[in-house]
Amino acid sequence: MSAHNTPRRWGWVAKTLHWVMAILIIGLAVVGTLMANFINDMALQFDLTQQHKSFGFVVFTLALIRIIWRWLSPAVPNEPENQRPWEKTASHITHYGLYALMLVMPLSGWMMSSASALNDPGAYPVQVKNMVFGIFEMPDPVYPANETLEKLFHTIHAYSSYLLAILLILHIAGSLKHHFILRDSVLRRMVPFAKVDE
Ligand code: HEM
Ligand code: HEM
C-alpha cells in the first residue's frame with residue numbers, strides 16, 4: 001500500500017488521517033453536546049471537559065498535518081464520472097467546509113477556554129490550566145480573562161458544531177449513495193485494504 005494518492009485511490013497516509021480524525025471528531029461532537037447540555041454531575045462534567053480539550057487539541061494538530069499532506073501529495077483520486085454540476089459543487093463545498101471546521105472547532109474551543117477566568121491565576125480558588133492529557137499546558141493567548149470573548153467563542157463553537165453535523169450528514173449520505181446506488185469506487189477508495197481496480 002503506497003503512502004501517496006493515485007488517480008484511483010487514496011494513499012495510506014490520507015486514509016489513516018481521514019478515519020482517525022473521523023472517529024475523534026464525531027466522538028468530540030457527541031461528548032461535547034452531552035457534557036455541555038445533559039450532564040449535571042459536576043465532577044464528571046469537569047473530567048469530560050478536560051478530556052474533550054485534550055482530544056480537541058490532537059484534532060487541531062492532525063488537521064494541520066492533514067492539510068499540509070493534502071498539499072504535498074496533491075494527486076488526489078479523480079472526480080467520480082457522470083456527476084451533475086450541482087453534485088460536483090455540493091461535494092466541493094462540503095469538503096472545503098469540513099476542512100475549515102477541522103480548524104474552526106478546535107480554535108474556537110481553545111480561545112473560549114483561554115478567555116475564561118477559570119484558567120487565570122487567582123480568579124478562582126482553583127486554577128484550571130488548559131492541559132493536554134495532563135502532560136503539557138496549551139498557550140493562553142487571551143489573558144486576562146474576557147467574558148465577551150468567551151461568550152463569542154462559545155457561540156462560534158456551538159454554531160459551528162451544528163454546521164458540522166449538517167455537513168457530516170450530507171457527506172455520509174453522499175458516500176453511501178456512491179456505494180449502494182451508483183455502485184462506484186468512491187467509498188472503497190477511502191477504505192483501508194478495500195479492493196479498487198488499479
Ligand atoms: C462515517 C463517516 C464518514 C464516511 C463514510 C466518510 C467517507 C468519505 C469518503 C468515501 C471520502 C472520499 C471521497 C472521494 O474520494 O472523492 C471522504 C473524503 C473526505 N472526508 Fe470523509 N467520511 C466520514 C467522516 C468524515 C469526517 C468526520 C470528516 C471531518 C470532519 C470527513 C472529512 C472528509 C474530507 C475533508 C474529505 C475530502 C478529502 C479531499 O478531497 O481532500 N469525513 N470521506
Ligand atoms: C474538532 C474538535 C472539537 C469538536 C468537534 C468540539 C465539539 C463540541 C461541542 C459539540 C460542544 C457542545 C457545545 C454546546 O452545546 O454548547 C463542545 C463544548 C465545549 N468544547 Fe469543544 N469541540 C472541539 C474542540 C475543543 C477544544 C480544542 C476545546 C478547548 C481547548 C474545546 C472546549 C470546549 C468546552 C470548554 C466546551 C463546553 C462549553 C459549555 O460549557 O457550554 N472544544 N465542543
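Modeller: Pro-144 lies in the loop between β2 (136–137) and α4; helices (H or I, at least four residues) and strands (E, at least two) are DSSP runs, numbered from the N terminus. This is a predicted model, in which local features need pLDDT of at least 70 and side-chain atom pairs count only at pLDDT 80 or more, whereas totals for chains, interfaces and linings use all residues. Residues are numbered from 1 along each chain as its sequence is written, while chains are lettered from A and ligands numbered from 1 in the order in which they are written.

Colleague: Is the peptide bond from Tyr-143 to Pro-144 cis or trans, and how do you know?

Modeller: Its omega is near 0 degrees, and the bond is accordingly cis. Most residues other than glycine have a negative phi, and most peptide bonds are trans.

Colleague: Why is Asn-82 called exposed?

Modeller: Asn-82 has 7 C-beta neighbours inside 10 Å, so it counts as exposed. The cut-offs, with C-beta atoms placed from the backbone, are 20 or more other C-beta atoms within 10 Å for buried, 12 or fewer for exposed, and anything in between for partly exposed.

Colleague: How do you know whether Arg-183 is buried or exposed?

Modeller: Arg-183 has 8 other C-beta atoms within 10 Å and is therefore exposed. Arg-183 lies in the segment after α4, and its phi is positive, about 55 degrees, although it is not a glycine.

Colleague: What makes Leu-170 partly exposed?

Modeller: Leu-170, in helix α4 (residues 147–181), has 15 C-beta neighbours inside 10 Å, a count that falls between the two limits, so the label is partly exposed. Leu-170 is 161 residues from Arg-9 in sequence, and their C-alpha atoms are 21 Å apart.

Colleague: What is the pattern of the chain, and how many of its 198 residues, as a percentage, count as buried?

Modeller: Four helices and two strands follow one another as α-α-α-β-β-α. Of the 198 residues, 17% count as buried. The C-alpha trace spans about 60 × 30 × 25 Å along its principal axes.

Colleague: Why is α2 called oblique to α3?

Modeller: Two packed helices are described by the angle between their axes and the distance between the axes. The axes of α2 (residues 42–72) and α3 (residues 85–115) come within 9 Å and cross at roughly 140 degrees. That angle makes α2 oblique to α3, since under 35 degrees is roughly parallel, over 145 roughly antiparallel, 65 to 115 roughly perpendicular and the rest oblique. Axes are lines fitted to C-alpha atoms, for helices over the stretch in contact, and angles run from 0 to 180 degrees between N-to-C directions.

Colleague: Which residues of α2 and α3 meet?

Modeller: Among them, Gly-56, Phe-60 and Ala-63 in α2 meet residues of α3 that include Leu-103, Pro-106 and Gly-109; contact requires C-beta atoms, placed from the backbone, within 7 Å. Nonpolar here covers Ala, Val, Leu, Ile, Met, Phe, Trp, Tyr, Cys and Pro, charged covers Asp, Glu, Lys and Arg, and the others, Gly among them, are polar.

Colleague: What makes α3 and α4 roughly antiparallel?

Modeller: Their axes come within 8 Å and cross at roughly 155 degrees. This angle is over 145, and α3 and α4 are therefore roughly antiparallel. The contact of α3 with α4 divides into 14 nonpolar, 11 polar and one charged.

Colleague: Which residues come nearest to ligand 1, and which element gives the most to its shell?

Modeller: Of the 20 residues around ligand 1, Ala-22, His-95, Leu-98, Ser-175 and Met-190 come nearest; a residue is near when its C-beta atom, placed from the backbone, lies within 6 Å. The most is given by α1, with five residues. The shell around ligand 1 has 14 nonpolar, four polar and two charged residues.

Colleague: How many residues surround ligand 2, and what are their classes?

Modeller: There are 24, the closest being Gly-32, Ala-36, Gly-56, Gly-109 and Ser-161. Two or more residues come from each of α1, α2, α3 and α4, with the largest share, seven residues, from α1. By class, the shell has 11 nonpolar, 12 polar and one charged residues.

Note on methods. Two residues are in contact if their C-beta atoms, placed from the backbone, lie within 7 Å.
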